[in-house]
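Some notes follow on one helix pair and its surroundings. Please read them beside the model.

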Amino acid sequence: MPTETLTDWRVCARGAADDKGPIWSHLEALALLDELDLPPKVNLKFIFDGEEEIGSPFFGPFTEKHRDLLAADLVLVTDGPKHGSGRPTITFGARGVLKFELTLESARRDVHSGNFAAPNPNWRLAGLLSSMAAPDGAPLIEGFEDGVAPPTQAERDLMARYPLDLPGLERELGVTLPQDYLERIMFHPTLTIRGLQSGFVGAEANTIIPHKTTVAIDIRMVKNQKIQSVYRRVIEHIRAQGFEVVEGTEAPLPDHLRGRAVRVSDRGGYDPAKTPADLPICREVVEAVERAHGGQAAVVTPTAGGSVPIWAFTDILQLPTLLVPYANANNRQHSPNEHLRLDHLFQGVRTTAGLLRELG
């Protein structure tokens, strides 16, 4: 069946795009090459990490312990979506991520807002958060971007060729976006409030002073930032605002610290990773992927705005590591109705086969 007849067909299932489908493409490519008596021209090692969605917490130590087992010349990762145009997509890195929750607790329980004059932890949290970032979200934490390197000329050239319809994206989102949009999502860290929880709203609303408030934060880190140093900057900033810091959920909160302490919990994440865009192997991979797509020009980016735990390959094993996603851009990963277009699925088979036959 010609690929163009498959564009309206989908495999709908949890993990279809992220990323059981790409795994199937690899295995099917190997089976077909074997059937045609066309062996790969490279030695091949598959790594299936079942904990990527929780940050691959054990993969770093595993890599340190098994350097010889994982020795290679190149790492290709097929996680993530292609560009929205459907063109072949190659990315040379990914931002790291640090997540944590901050909790402030005042009274031992919620109290009536008219009958009590108790401290409200939400006002204290609002002040802390406003000290951490400007209204547009730009981080204000001292030393937050220390050591961050600007894009190289090769990386600026890639950004200049990146197909981005900024006005169209503004219309879709209903907001004005910065003109340096690509540089912001690729070469600058972020500090994002991703959730707030305190009191009651809507049908459950009532007139109380909440006794506790929690904010969930994530930080996207760029090359030259390390998770431990960025976390330390955050803790130093919180202390500089006059708060005590309690790490973890085990220790009880003494009464003398109510309203004065910030509890840090649910901490996790991993470092950013990036491979230089001007390495010869990068050009070889781009050309092989383009040939596998019938000569269609690839969308090539210096780094992804999102995060993938590939730092173990780049930083521990010192290997060039490229992201070559197979899934369609609108695949709804992590959401209801996650799907993979069949044309992308079978194109993945061709791409894997082409890479295995040509890179050698």
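1. Which residues in helix 8 meet which residues in helix 10? Val285, Ala288, Val289, Arg291 and Ala292 in helix 8 meet Gln347, Arg350, Thr351, Leu355 and Glu358 in helix 10, contact meaning heavy atoms within 4.5 Å. The residues of this contact divide into five nonpolar, two polar and three charged. Here Ala, Val, Leu, Ile, Met, Phe, Trp, Tyr, Cys and Pro count as nonpolar, Asp, Glu, Lys and Arg as charged, and the others, Gly among them, as polar.

2. On the source: this is a predicted model, in which local features need pLDDT of at least 70 and side-chain atom pairs count only at pLDDT 80 or more, while totals for chains, interfaces and linings use all residues. Residues are numbered from 1 along each chain as its sequence is written, and side-chain values use heavy atoms, with hydrogens and water left out.

3. The protein has 10 helices and 15 strands; these are DSSP runs numbered from the N terminus, helices being H or I of at least four residues and strands E of at least two. Of its 360 residues, 44% are buried, that is, under 20% relative accessible area with a 1.4 Å probe, protein chains only. The C-alpha trace spans about 80 × 45 × 40 Å along its principal axes.

4. Helix 8 (residues 280-292) packs on helix 10 (residues 342-358) at an angle of about 135 degrees, and the axes are 8 Å apart. Axes are lines fitted to C-alpha atoms over the stretch in contact, and angles run from 0 to 180 degrees between N-to-C directions. The two helices are therefore oblique to each other, the class left after under 35 degrees (roughly parallel), over 145 (roughly antiparallel) and 65 to 115 (roughly perpendicular).

5. The 13 residues of helix 8 should span 18 Å at 1.5 Å a residue, and the end C-alpha atoms are 19 Å apart, which agrees; the expected span is 1.5 Å times one less than the number of residues. After helix 8 comes Gly294, with a positive phi near 70 degrees.

6. Buried in helix 8 are Cys282, Val285, Val286, Ala288, Val289, Glu290 and Ala292. Their cover includes strand 2 (75-77), strand 3 (89-91), strand 12 (299-301), strand 14 (321-323) and helix 10.

7. Leu340 lies in strand 15 (residues 339-341) and counts as buried at 2% relative accessibility. Beyond four places in sequence, Leu340 has contacts that include Trp9, Val11, Tyr326 and Leu345.

Definitions and conventions. Buried means under 20% relative accessible area, exposed over 50%, partly exposed in between (1.4 Å probe, protein chains only).
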